[in-house]
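Student: I would like to learn how to read charged side-chain pairs in a model. Could you take me through some of them, one at a time?

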Amino acid sequence: NTDCHEEMFQSAPIQQHKVELMGGSEKSKMFASFGYFDQEGIMKGTGYRRGDARVNSDHQISNRVTFGQNFYVAFDERKVEQNAGGRTQLQHIIRSSPYFPVRNPDNYGGFFGAQGIDASDPENPVRVAEMDQQNQQRLKLLGNAYVDVKIFDFLTYRFQGGVDYVDYTQRTHLPAYNTGVGGYSSRANANVNQNRQNFVSTILTNQLTFNKTFGKHTVNATAVAEQQTFNFTQIKGQGNNTQSNDIQEPVALANVSFNGNRTESALISYIGRINYHYDNKYLLGASMRRDGSSRFAQQGRWGTYPAVSVGWRINEEIFLRDNNIISELKLRGSYGLAGNYLTRGVYDYQSTISGNQIYEFNQGSTTSSAGYTIRALSNPDIKWETSHMANVGLDLGFLNNKFTLTAEYFNTRTKK
């Protein structure tokens, strides 16, 4: 009379809360929000909860100095469905026999399980949901702060710094159990597994902006120097707890396995851009950027990417300026290069090695020596991927831009 659907599925309440605060004065503005979300899974053993906070503010320190920041922090936890025996919980529910009870207090762990006498082999889904646990926890911080200094009315300097931080932990605990005499499923020792990951990316930007109008001539120029770093670390460990199901941390374990990895990379960019327009009719733009990435060897580390653009606002000409139907008519075109540095790995240009290798120096001996071997050959010629992009466009607006139309032609060719 056992109905595993009734045993496994439940009503899942949801709660969500959010508070927002905002205010300011002539020289300062602030916004803050706080949120919380919690939902139990409709299937036992699953669920999700999240909390987050955001604070944004801008402050005018003086007539020439402005400061601002944006920070966001969030924490979330997810209870993940376990796939015992290589099957999903839904598969176990479908395959479960109605004549087997869910629990048996005489068995270690307190659960009944499939018996070999009827040739059925599903895991007890209730046991899996209540005993086998995997929790994924993540803490994320995303923020930036800036300072603007108006050197002259037409010249502004900005310094900006930002950080992207993620700390992730996955904890898996599979307790020991048995399903009694005739039961085919058991686990002699509890298994403890943890996977910890940490990612930190920082960015520092220096930007100088020139903006000035000379009669019918307007010039806007920007110079940027920027550095971004990426750091990732991971540690994974697991083992068997032969003493107790109650200890869920990786201490005093048997058959321990442990490994980890760490990667570091950096990107430096120098950017120059100038935009010019005459009488708001004839537009001209040009830019140049030079990027260097630690993902490449010295001979291919840097890439240079120029771009130019032109535009003609035909509706500003005398013969269309007073037209009541056509409110915008703009013809534009551009050509430029763009680079991509995201290779498959951070160290593809180097030979990498792998540990946990065993070699017998003496063929007649039973003693083996541990060491390292080359895992991948180096590729020192790897370099930036370059895309050549050409674009021609037409923008149309009618009746004070109540109706708009845009036509584009573009062609992109990518070269390695």
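Tutor: Let us begin with Arg 138, which at 37% relative accessibility counts as partly exposed (buried means under 20% relative accessible area, exposed over 50%, partly exposed in between, with a 1.4 Å probe and protein chains only). This is a predicted model, in which local features need pLDDT of at least 70 and side-chain atom pairs count only at pLDDT 80 or more, while totals for chains, interfaces and linings use all residues. Residues are numbered from 1 along each chain as its sequence is written, and side-chain values use heavy atoms, with hydrogens and water left out.

Student: Which side chain does Arg 138 meet in a salt bridge?

Tutor: In general, side chains of opposite charge can pair when their charged atoms come close. A salt bridge is a side-chain nitrogen of Lys or Arg within 4 Å of a carboxyl oxygen of Asp or Glu. Here Arg 138 meets Asp 76, at 3.1 Å from N to O. Arg 138 lies in strand 5 (residues 133-152) and Asp 76 in strand 4, so the pair ties together parts that are 62 residues apart in sequence; strands (E, at least two residues) are DSSP runs, numbered from the N terminus.

Student: Is Asp 76 buried or exposed?

Tutor: Asp 76 counts as buried, at 9% relative accessibility.

Student: How many salt bridges does the structure hold?

Tutor: The structure holds 17, among them the one between Glu 77 and Arg 49, at 2.7 Å from N to O. Glu 77 is buried, with a relative accessible area of 10%, whereas Arg 49 is partly exposed at 33%.

Definitions and conventions: Helix = DSSP H or I, 4+ residues; strand = E, 2+ residues; numbered from the N terminus.
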